[in-house]
Amino acid sequence: MGGMRTYIIRRLLLIIPTLLGVSILVFSVSMVFSPEERAALYVGEGGFKAAARIQAIIKKYGLDQPVYVQYYNWLKNVLQGNLGWSKSLNIPVARAFTELWPASVEIAIYAAPLIVITGIMLGRISAVHRDRWPDHISRIFAIVGWSLPTFWSAIVLLAIFYGALGWFPPGRLSPEAQSIVHSAEWVSYTGLYTIDALLNRNLFVFADALRHLFLPVLNLVIVGNAGIMRVMRSSLLEELHKEYVMAARTRGVPEKAVINKHAMRNAMIPVVTMAGVLVAGFLTGLVITETVFEFKGLGYWAAHAATQLDFPAVLAFALFSGIVFVVSNLLVDILYAYLDPRIRLG
Amino acid sequence: MAGSKEKELGRVPLRERAWFKELVFTLKRIRESPLSLAGLTIVAFFAIIAIFAPLIAPPQPGRDPYVMPRHGYLATPKPPSDEFPFGTTEGQYDMFYGCIWGTRTAFRVGLLVVGGALAIGVTLGALSGYFGGILDEIIMRITDIMYAFPGLILAMAFVTAFGVGLDNVIKALILVGWPTYARLTRAGVLQVRQEDYVEAARAIGASNARILLKHVLPNSIYPVVIVSTLDIGSMVLTAAALSFLGLGAPIGYADWGQLISMSRNWILGEAGNPFAYWHTYTIPGIFIFTFVLGWNLLGDAFRDILDPTLRRR
């Protein structure tokens with residue numbers, strides 16, 4: 001595995017310039033604002049509107065200095081977790097992250113596996129029954145999901161399953177469950193309500209949290225699995241026509257085993273490389289979905305911050321998305337190299 | 001000098017020209033795929049609505065045609081009726097008018113975004129691929145960095161910096177969109193750069209600008225133009241999402257995303273009638289969905305257009 005180790009080290013070194021680039025881009029966007037506006041980045045609570053205070057901050061943080069000095073200062077602040085002040089929430093950006101991440105992660109841990117599994121299943125059905133009706137149905141499903149505006153499908157789901165049927169309300173928890181979660185007996189292990197509820201042995205909160213997660217997760221799955229389905233379909237079709245598959249068939253291996261044990265394994269490799277694209281789509285979907293379902297996570301915050309021109313919050317979220325994307329691509333590349341030795345040795 | 005020499009070599013007949021061959025190739029691709037034909041029909045239908053918008057929903061004289069007319073100031077939307085075929089939305093804005101002129105907004109946003117992104121992308125991509133070296137390195141690293149952000153989120157950041165509004169959404173999407181076209185153009189230019197006819201042009205002393213504009217770009221730009229055209233659907237979708245979030249078109253503007261945003265207070269209907277205001281979100285939603293679906297179906301025939309082994313000239 002020596003080849004693997006050098007590959008990982010090389011790949012780790014390669015993300016440093018990308019991350020620097022990402023930070024420079026976010027910094028450049030913030031430079032559109034005047035020093036006075038950017039001074040708000042560093043102001044805590046209390047009326048920062050006083051001109052004297054603004055001037056003091058500009059001096060203190062060197063907001064009138066040359067660009068490279070400012071970038072250095074900004075980067076130093078970011079690395080220390082000082083991301084400025086979110087005026088839409090009236091708390092520091094860093095604190096907003098620590099308070100809101102569990103909501104978004106909770107959606108992700110349910111939605112992401114479902115998106116991947118349904119995408120792979122639909123792709124498999126499509127490829128195996130090529131040009132017959134299961135193929136047509138799953139392809140139509142994919143192209144519809146691909147063309148659906150995320151915000152519209154969310155609204156329609158909400159109108160039907162909450163407005164008409166009253167089954168799945170918006171928000172993260174019902175008021176009753178919330179009072180339990182905020183009570184003294186409740187131990188917050190992770191901030192993820194479904195997991196905390198199990199650890200606290202409270203099935204009511206668990207069911208309530210699941211009930212609120214259902215629609216956001218469903219919405220993300222509907223719009224999210226089309227991409228995987230398409231890639232899975234074409235890659236499995238390709239594998240099914242290769243010689244090793246024919247060889248397995250001529251040896252008398254049952255068709256099911258040919259698909260599952262032989263073709264599927266190789267067909268999965270292109271799907272793995274899609275993970276980066278998926279993460280980007282997922283983050284975008286999260287912003288919209290959390291907004292419509294009033295599921296107060298990072299995406300909800302970013303969307304509301306944007307409408308209030310709370311740029312420290314929006315830029316911090318953009319920076320966060322960039323880092324998540326770069327890191328997930330790194331993980332994908334490592335996984336890919338592990339699955340396909342030609343990559344690390346080539 | 002170089003120009004007259006080339007002229008002596010004879011004019012290229014129409015059916016030998018790169019763009020003409022590509023056009024024939026495109027039409028063939030569309031004709032071979034029924035789904036693409038359906039997509040083309042949908043897109044053509046929307047194009048007709050957009051072109052004839054002033055006849056279908058005549059604007060009041062002397063007013064900005066992109067602002068929906070209001071019929072009263074009552075907040076509660078009214079259902080579809082003879083007077084208002086699609087009903088009215090919050091604030092008594094005429095939904096029919098909004099959806100029809102929203103089609104124009106969609107085409108305007110789509111064409112401006114794709115046109116702008118294409119102009120920047122092709123220019124930078126061509127320079128990058130043709131000259132190579134440090135310029136190539138810089139431009140490609142910038143595209144790498146842009147690729148590290150989800151499009152909508154980067155666009156959100158740009159809009160926050162530029163200020164809310166449809167024009168700023170268009171600018172933001174141009175800034176987000178160009179790297180794709182820069183990469184595609186660069187790849188095409190790299191392929192063509194080594195061809196004999198480019199060598200020949202260089203041998204007779206043609207300038208770099210001439211080689212690039214007359215020989216390299218016409219033979220490499222085509223797939224990029226196709227891909228960018230098919231992106232109109234997804235660009236309009238992103239712009240609609242930004243309008244929905246309240247970053248794009250202002251309230252009352254004929255824009256599908258904005259219309260859906262205006263419906264948000266009415267999703268739950270009223271007591272005893274949960275779908276009392278179904279028209280406020282369903283109708284503009286169907287417009288966006290069908291529009292994007294049309295472009296995506298059309299694009300289905302071209303998924304593999306960049307794969308040279310599948311291309312036959």
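**View 1. Contact between chain B and chain A in a predicted model.** In this predicted model, 41 residues of chain B are in contact with 49 residues of chain A. About 3,800 Å² is buried between chain B and chain A. Carbon and sulfur atoms give 83% of that area. Salt bridges between chain B and chain A number 0. Residue pairs in polar contact between chain B and chain A, both at pLDDT 80 or more, number 3.

**View 2. The side of chain B that touches chain A.** Four helices of chain B each supply at least two residues here: α6 (133-147), α7 (151-162), α12 (232-244) and α14 (278-300). α14(B) gives the most, with 11 residues. By residue class, this side of chain B divides into 32 nonpolar, 6 polar and 3 charged.

**View 3. The largest nonpolar core.** This core holds 152 residues. A:F151, B:M156 and B:F291 touch the most other members. Helix α5 (residues 95-131) of chain B contributes the largest share of the core, 16 residues.

**View 4. Surroundings of A:F151.** Neighbours within four places in sequence are left aside. From chain A, A:F151 is in contact with A:I288 and A:V292. From chain B, A:F151 is in contact with B:L237, B:A240, B:A241, B:F244, B:I260 and B:I288.

**View 5. A second, separate core.** This core has 26 residues. Among them are A:A111, A:L213, A:L240 and A:F295.

Key:
Residues numbered from 1 in each chain as written. Chains lettered and ligands numbered in written order. Predicted model: local features only at pLDDT ≥ 70, side-chain atom pairs only at ≥ 80, totals over all residues. Heavy atoms only, no water. Contact = heavy atoms within 4.5 Å. Buried area = accessible area lost by both parts, 1.4 Å probe. Salt bridge = Lys/Arg side-chain N within 4 Å of Asp/Glu carboxyl O. Polar contact = N/O pair within 3.5 Å; in protein donor to acceptor, adjacent residues only side chain to side chain. Nonpolar A, V, L, I, M, F, W, Y, C, P; charged D, E, K, R; others polar. Core = buried A, V, L, I, M, F, W, Y, C linked by side-chain atoms within 4.5 Å. Buried < 20%, exposed > 50% of the residue type's maximum accessible area, 1.4 Å probe, protein only.
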